Amino acid sequence: MQPLRIVIADNESIIRMDLKELLEEAGHTVVGEASDGVKAIELTRRHRPDLVVMDIKMPEMDGITAAKIISNEKIAPVLLLTAFSQKEIVEKAKDSGVLAYLVKPVKEANLFPAIEIALSRFQEFADLERELEEVKNSLETRKILDRAKGILMDAYSLSESEAYRRIQQYSMSKRKSIREVAEAIVEAATKK
């Protein structure tokens, strides 16, 4: 595992100290420490760490709420720590977007595999989101292109392939994307 930048959040300073020591001995850098969820979010937004290791039970804002905010903002994967393994807490943790969960006391043998899982899942979600965005853009481009072809077909009595060829030629000659050309055609037609 390559060195990571990590934020630790736990209201117990001894646990933060132990975690920090474990992580730094493994070559990671702790870029921030918090004793409550509000401070954890602030540090995470400021430092943009590779990982957040956070306790569930903290003052001001609990770890589950903070994890949900961090997860929704897609800043970093969150590994939750807890002294409790109750089913309701595990369910709340799952709903918060947490990518891994460890029951205290944290042991090195459990910590590093959980970190790898959290990082891997975070990357998978980021890749899926990127793919989804590409599909959305492609679909939107297709819709605009179909409208532009329809406009040209009606205006100049062209076949679909001829309308597409003209859009393509104009795109190449003006060094614009096909989508930009199609958008311009649709925009010009709607202004009439």
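In the predicted model, serine 157 occupies the loop that joins α5 (108–156) to α6. The phi angle of serine 157 is near 50°, a positive value in a residue other than glycine. Most residues other than glycine have a negative phi. With a relative accessible area of 71%, serine 157 is exposed, because the cut-off for this class is over 50%.

Helix α6 spans residues 160–174, and glutamate 160 is found in this helix. The relative accessible area of glutamate 160 is 44%, so this residue is classed as partly exposed. When residues up to four places away in sequence are not counted, glutamate 160 touches Lys149 and Met153. Glutamate 160 and alanine 114 are 46 residues apart along the chain, and their C-alpha atoms are separated by 54 Å.

Lysine 74 is placed in the loop between α3 (63–72) and β4 (78–82). The relative accessibility of lysine 74 is 45%, and this residue therefore counts as partly exposed. Glutamate 73 also lies in the loop between α3 and β4. For glutamate 73 the relative accessible area is 37%, which means that this residue too is partly exposed; the class covers values between the 20% limit for buried residues and the 50% limit for exposed ones.

Aspartate 18 belongs to a patch of negative charge on the surface, where Asp18 gathers with Glu21, Glu24, Glu25 and Glu108. The element that gives the most to this negative patch is helix α1 (residues 13–25), with four residues. Glutamate 21, one of the patch members, is found in helix α1. At 46% relative accessibility, glutamate 21 is partly exposed.

Conventions: Residues numbered from 1 in each chain as written. Predicted model: local features only at pLDDT ≥ 70, side-chain atom pairs only at ≥ 80, totals over all residues. Heavy atoms only, no water. Patch = residues over 30% accessible without salt bridge, like charges linked within 9 Å, V, L, I, M, F, W, Y side chains within 5 Å. Areas by Shrake-Rupley, 256 points an atom, 1.4 Å probe, with all protein chains shown as cover. Salt bridge = Lys/Arg side-chain N within 4 Å of Asp/Glu carboxyl O. Lys, Arg positive; Asp, Glu negative; His and termini not counted. Charge placed at Lys NZ, Arg CZ, Asp CG, Glu CD. Helix = DSSP H or I, 4+ residues; strand = E, 2+ residues; numbered from the N terminus. Buried < 20%, exposed > 50% of the residue type's maximum accessible area, 1.4 Å probe, protein only. Contact = heavy atoms within 4.5 Å.
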